[in-house]
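Today I'm going through a predicted model.

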Amino acid sequence: MNHIIEVRNLKKYFDINSRMGMVQHQVKAVDGVSFSVAEGETLGLVGESGCGKSTTGRLILRLIKPTSGEIFLEGRDINSIKDKELRSIRKDIQIVFQNPYSALDPRMTVTDILSEPLSIHKIVHKYEYGKEVKRLLGLVGLSEQDGKKFPHEFSGGQRQRIGIARAMATRPKFIICDEPVSALDVSVQSQILNLLGDLQKEMKVSYLFIAHGLNVIRHVSDKVGVMYLGKIVEMGIVDEVFEKPIHPYTKALLSSAPVPDPFRSMHLEVLEGEIPSPVNPPSGCAFHPRCRHMLAICKEKRPFLQHISLNHKVACHLADIAFEGGRASYA
Ligand code: SF4
């Protein structure tokens, strides 16, 4: 399969300095994340606030520099390119931000907002900006007249449509959708999700879809990665992970999500306690202080992502034991 993005062992550690400028602590915001996204595919990243999913998106965009690891865009290592070459990858990798209210410059008209990336990345000749802006507005369901307005004249959903049009302006191969519907009314969330889906089919663009809402992730994703304290703890084809979750953290997240089916029974796995500080994460499996299945080994040894089926990986000692015992899952 043709991979648009491939991330290998990506790490981002933030230093916390003392007053003397010495490194006192490190926050391991992203700690050894690996995944790939194929053409026209959507990978959903899910987890509680502070798990590292948004930092992962910003690392791929090179808004921040990784501590280590590799990021490939169609086989080209974009982690090692110089800052002055970044423009070439920004054309191919775009972002849709969470908050459409702050993501648009209030002093610019929509036409100016959409013309800016056309100019920076030389997408079309400047005589064709008007025609291209009209095309982009039509793409996201806005009219030519909307191009003359300022962002404050639109609703939240319409502003997010403008944000999506701006991301599509460079005809990218990969878009990072960083919680693109979480600031919107529930009534318009599905419209924006459907719009992103339609554009994906039309333009064959790939998405990294970051969200904390599991229902949203299931609706839009082909694959899902569940993140906890900077690491992916479960990853796989979205239906398999949602129907047969293995990691206790995934089970707890799914248990806490509303299920619109009164006849469906679920084994509730309650998520107890707070997410630990990433400055001083727990030893072994970082989830062990909150896990009711914890074994002695869990405090000592970190579990690594292991295949439990062709398209499903889990980082949990219980899964290791079940796998070694000849079973693909445990109750
Ligand atoms: Fe729970 Fe142990 Fe699995 Fe971690 S490795 S999720 S503590 S059973």
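I started with Arg 290 and Glu 48, whose side chains form a salt bridge at 3.1 Å, N to O. Arg 290 sits in the loop between α9 and α10, and Glu 48 in the loop between β3 and α1, so this pair ties together parts 242 residues apart in sequence. I checked accessibility too: Arg 290 counts as buried because its relative accessibility is 7%, while Glu 48, at 21%, counts as partly exposed.

Next I looked at Glu 132 and Arg 171, which also meet in a salt bridge, 3.1 Å from N to O. Glu 132 is in helix α4 and Arg 171 is in the loop between α5 and β7, 39 residues apart. Glu 132 is buried at 6%; Arg 171 is partly exposed at 41%.

Which residues do shared partners join into one network? I found Glu 6, Arg 8 and Glu 70. Within it, the Arg 8 to Glu 6 bridge is 3.4 Å, N to O. The whole structure has 16 salt bridges.

Then cavities: my search turned up 2 of 30 Å³ or more.

Helix α5 gives the largest share of its lining, 4 residues, and β6 supplies at least two. This lining does have 2 charged residues, next to 6 nonpolar and 2 polar. Arg 159 and Arg 166 are among the lining residues.

Key: Residues numbered from 1 in each chain as written. Predicted model: local features only at pLDDT ≥ 70, side-chain atom pairs only at ≥ 80, totals over all residues. Heavy atoms only, no water. 1 Å grid on protein atoms, 1.4 Å probe; cavity = no way out; pocket = protein on both sides within 12 Å on 5 of 7 lines; lining within 4 Å. Points joined across faces, edges and corners; volume = space filled by probe spheres on them. Nonpolar A, V, L, I, M, F, W, Y, C, P; charged D, E, K, R; others polar. Salt bridge = Lys/Arg side-chain N within 4 Å of Asp/Glu carboxyl O. Buried < 20%, exposed > 50% of the residue type's maximum accessible area, 1.4 Å probe, protein only.
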